[in-house]
Amino acid sequence: MVCSSPEVETETEAGGAAGGGRRAVQDRRKIIPILTFVSVALVASQAADDVSPDAYWKSVLPNAPMPKVVKEILHNGWIEDKSTAVETAKDSASADGGFAYNGIHYENAATEAQIQDIRNIAVFFLEKDLKRGTKMNLYFNKTTNSKTTFLPRQVADKIPFSSEKMPEILDQFSVKSDTKEAEAMKKTIKKCEEPGFKGEEKHCVTSLESMVDFTTSKLGKSVQAISTEVEKETNKLQEYRVSGAKKMGGEESMVCHKLKYAYAVFYCHKIAATKAYVVSLVGLNGTKAKAVAVCHANTSGWNPKHLAFQMLKVKPGMVPICHFLSEDHVVWVQN
């Protein structure tokens, strides 16, 4: 779930049929090398007779159902539909934004523009609001495109992933250094290389197997993965009513945020004193959602001018701060 102002389609974005066709062809030409590289790598990995990502999940977590978003990323069908995949890969790398509430990180002070932009949207709320009957203005969409695929670990581990290797990475995927795609990939790697804030244990995973391993190393193997699921996709802001909320797991959880990249990369981090809830919501138009919310009990280290404090009129460390997560994020909780 992205809690920011809904996208406005401009004339340029809408375009005409002819113009859209030309741009689609141009986008395909830009990203076809990415598709080709990944396709060849996948074939090579299959030939090596390694355990598939979904088989690895089942072997390590036999009692943990795979969330819808993970299935989509793992089995998105881009090999069967090359044109869709090409455009998806381009789109996922070109859009700006970040995992932390559309770029609003714990250490950042909110700008006046951000405050005005989301003044009527429940980006943040209090834990006491998770009760039947509470009304919130929300809209659902994905922060990244779910059709960027997970690579098998044996493939992902052979691809460089560091700022020092950025020229090599861009060359490998045939991405020009002065493009939006390159800028988005650079930002993702930079975010992954930054040190975590106090109390945060973080790691960027480039494969599903790595996500499973990092999570179980921090939470153990008695875990389950959950993600936000919406009955139907909509970018329209509307009022939702809470019809129920269920606390999941204990006081520790792992949150994995999908980042903008040429293939699926997740920023996974464990933060102490963080609770997770699955919240049942019903929109005015009848849309139903099972939204995952996380509540941070220890916010004493957050910027005093963070958007959450300005929205809710509270101070750091005073009360738990909650927010919903986008559909393309994964939350891990202990059973």
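In this predicted model, serine 207 counts as buried because its relative accessibility is 0%, under the 20% limit. The residue sits in the loop that runs between β3 (200-205) and α10. Its side chain forms a polar contact, at 2.9 Å, with the side chain of serine 210. When neighbours within four places in sequence are set aside, the contacts of serine 207 are Phe150, Leu151, Pro152, Arg153 and Ala156.

One of these partners, phenylalanine 150, has contacts of its own beyond four places in sequence: Val70, Ile73, Leu74, Ser207, Leu208, Met211, Ala264 and Phe266. Phe150 is also listed, with Trp57, Met211, Phe266 and Trp332, among the residues having the most contacts inside the largest nonpolar core, a set of 26 residues. At least two residues of this core come from each of α3 (53-60), α4 (68-74), α10 (208-219), β4 (223-226), β7 (253-258), β8 (266-271) and β12 (330-334). The greatest contribution is that of α10, which gives five residues. Another core, of 20 residues, lies apart from this one and includes Leu170, Val175, Cys204 and Ala262. In soluble globular proteins, nonpolar side chains tend to be buried together.

Threonine 149 belongs to the loop between β2 (135-140) and α7 (153-156). With a relative accessibility of 8%, threonine 149 is counted as buried, since the limit for that class is under 20%. A polar atom of its side chain lies 3.1 Å from the backbone oxygen of isoleucine 73. Isoleucine 73 is also one of the residues in contact with phenylalanine 150.

Leucine 312 is located in helix α11 (residues 307-312). In sequence, 186 residues separate leucine 312 from leucine 126, while their C-alpha atoms are 7.9 Å apart in space. Leucine 126 is in contact with leucine 312, as are Phe124, Phe125 and Ile321, with neighbours of leucine 312 within four places left out.

For the chain as a whole, eleven helices and twelve strands are assigned. Of the contacts between residues at least 6 apart in sequence, 78% join residues at least 24 apart.

Notes. Residues numbered from 1 in each chain as written. Predicted model: local features only at pLDDT ≥ 70, side-chain atom pairs only at ≥ 80, totals over all residues. Heavy atoms only, no water. Helix = DSSP H or I, 4+ residues; strand = E, 2+ residues; numbered from the N terminus. Contact = heavy atoms within 4.5 Å. Buried < 20%, exposed > 50% of the residue type's maximum accessible area, 1.4 Å probe, protein only. Polar contact = N/O pair within 3.5 Å; in protein donor to acceptor, adjacent residues only side chain to side chain. Core = buried A, V, L, I, M, F, W, Y, C linked by side-chain atoms within 4.5 Å.
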